[in-house]
Amino acid sequence: MLLEEHHFTAPQRASPRLLSLSLASRSEDLQWMGGTFSTGPNDNRELLSTLPVTPRSGRNLLRGLADPRGRVGRRGADCESMWRGLWTLVSRAARGPHSPRLCTRQGSGYRAPGSGATIFALSSGQGRCGIAVIRTSGPASGHALQSLTAPRDLPLARKACLRLLSDPRSGEPLDRALVLWFPGPQSFTGEDCAEFHVHGGPAVVSGVLQALGSVPGLRPAEAGEFTRRAFAHGKLSLTEVEGLADLIHAETEAQRRQALRQLDGELGDLCRGWAETLTKALAHVEAYIDFSEDDNLEEGVLDQADSEVRKLEVALGVHLRDARRGQRLRSGAHVVVAGPPNAGKSSLVNLLSRKPVSIVSPEPGTTRDVLETPVDLAGFPALLSDTAGLREGVGPVEQEGVRRAQKRLEQADLILAVLDASDLASPASCNFLDTVVIPAGARNPNGSRQRLLLVLNKSDLLPAGRSDLHPDLPSHLLLSCLTGEGLDGLLEALKKELAALCGDPSTGPLLTRSRHQHHLRGCLDALGQYKQAKDLALAAEALRVARGHLSHLTGGGGTEEILDIIFRDFCVGK
Ligand SMILES: Nc1nc2c(ncn2[C@@H]2O[C@H](COP(=O)(O)OP(=O)(O)OP(=O)(O)O)[C@@H](O)[C@H]2O)c(=O)[nH]1
Ligand SMILES: [K+]
Ligand SMILES: [Mg+2]
């Protein structure tokens, strides 16, 4: 039963504008609301939604609309802030879990957020599989296809064709793959699309994704973004979208799990903690907006939200500055730790990866196999390998370990050569210097050198104040894995080497990494807006934006959650 219909013109400078709003209620409880919005001269959107507002705030809304002075039940609220409050409610409804319907007059004039960009993603399942399908959608799709198959022409539209894919930056071959070209509008999304059917190994998939990430104008897709674009271009009707909802949900779920896997460990825990803090702060602000008029809320609700936001800002800032934190799922530069037995190689690997990857013991020959761990070294993703101590005249198992270590050394992008500073004269140390360290300094036939950092570990065992102990050694760094002394210097040196190896990560296609940073920055920006907001509705909106960024990283986080907290944490009267 439609109760009231209101036509309402918002201030011109506010965007988007609310043109009209309809509210319906069954008895006292507001059941749904609808409205017409405009984001520009030719864009009128309709929105129908079940309102995730409480009966009380719904009543306030109705009361406010009925009031010619445009009050929404908040003392002193003027027309503009009332409109903002309404917009907040409506936009909350549009994002909430109550399956809002965004529809437009013809097909869908609704422009998907960020739709100018070309997106790419692995569209088939994660993990090992025979064939993996990677798709792109957007205006740069054709360019992307040509860049990876350069200098070939685009294949015939919608005809599978076999092409050699290679990295556009290095020319390095990636895979022989079936590629398909779907010029818009005859494509799934209605935009230009390309598909790469590659062999399903993780290395091939990540290689192609990285290559796509290096093409200008391309960025990784967000969850459900292909479908959203299909809807935006009228390729799917509303009912089809609804029919696809399960599928989208499954996709989101897979991506959420994927995101969680990537974020497992320190960063994941941090993000979840941050998201909880924000949810709480948001609940406080919304409770204030919804209930402060009629109910006795506890004192200091807003102060609490402010102080939580301040703490969060500090934590996020620290995290963004501290490039060592977090772990990369993706493999980066191959950094191989090598040296004679007992030099402290495993100790160094554990120190750099901040977790007990390798067994450390006083017994020489502890590490037998190559142990790999992905780490963030001074801000660069790297695959760190611990190896067996290099020595001769040992049993067959250790010998195999030594053989594997040597093989790994040949493949290294960077060697971290470790010697025991207190044991430089031992045959194993001398032999390592002669066979690995010195030859690495010599130019190989194509004129380049093997990158190597020589680390003299166990500096704590040296007599104090003797830094001139090793004048005839090649340039080296002193370190003590035991005390951590020298670690900063080592990280500085690693940063230089890796910067030369990987290029600047801020311009490079470090997919997950740049996505994480993007959302953390977005969160921080939104918190800045929260602080500057002159209006509670805008403050709440800023918090929602901030939380949205975090939930991109951790998944989850809906309106329902906030309402839960409102009712759980506050006594809002009878
Ligand atoms: N005093 C001192 N001891 C250290 C330091 N780093 C490692 N150690 C000790 O040196 C011994 C060997 O360390 P590991 O890390 O197992 O050495 P490794 O090079 O991996 O040895 P293998 O795997 O057998 O080749 C252990 O007893 C460590 O506790 C250090 O900086 N100072
Ligand atoms: K050892
Ligand atoms: Mg070891």
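The potassium ion (ligand 2) and the magnesium ion (ligand 3) sit 4.9 Å apart in this predicted model. Asn342 belongs to the loop between β12 (333-338) and α9 (345-353), and Thr366 to the loop between α9 and β13 (371-377), so the pair ties together parts that are 24 residues apart in sequence. Asn342 has a relative accessible area of 28%, so it counts as partly exposed. Thr366 is also partly exposed, with a relative accessible area of 28%.

Now turn to the sheet. Strands of a sheet pair through backbone hydrogen bonds, either parallel or antiparallel. Here 6 strands form an open sheet with mixed pairing, in the order β8-β9-β10-β7-β6-β11. Its edges are β8 (161-166) and β11 (218-220), each of which pairs on one side only. From one strand to the next, the twist averages 30°.

Look inside the order at β6 (residues 118-122) and β7 (residues 131-137). These strands run antiparallel and are joined by 4 bridges. Leu122 stands opposite Ile134 in β7. Helix α3 (residues 141-149) packs on the sheet, where it touches β6, β7, β8, β9 (173-182), β10 (193-199) and β11. The direction of α3 makes about 75° with that of β8.

Finally, the cysteines. Cys161 is buried, at 18% relative accessible area. Cys481 is buried too, at 16%. A search of the whole structure finds 0 disulfides.

Note on methods
Residues are numbered from 1 along each chain as its sequence is written. Chains are lettered from A and ligands numbered from 1 in the order in which they are written. This is a predicted model: local features need pLDDT of at least 70, side-chain atom pairs count only at pLDDT 80 or more; totals for chains, interfaces and linings use all residues. Side-chain values use heavy atoms; hydrogens and water are left out. Two strands pair if DSSP finds at least two bridges between them. Helices (H or I, at least four residues) and strands (E, at least two) are DSSP runs, numbered from the N terminus. Axes are lines fitted to C-alpha atoms, for helices over the stretch in contact, and angles run from 0 to 180 degrees between N-to-C directions. Contact means heavy atoms within 4.5 Å. A disulfide is a pair of cysteine sulfur atoms within 2.5 Å. Buried means under 20% relative accessible area, exposed over 50%, partly exposed in between (1.4 Å probe, protein chains only). Donors are N, O and S atoms within 2.8 Å of the metal (3.2 Å for Na, K and Ca); water is not among the atoms, so sites may look incomplete.
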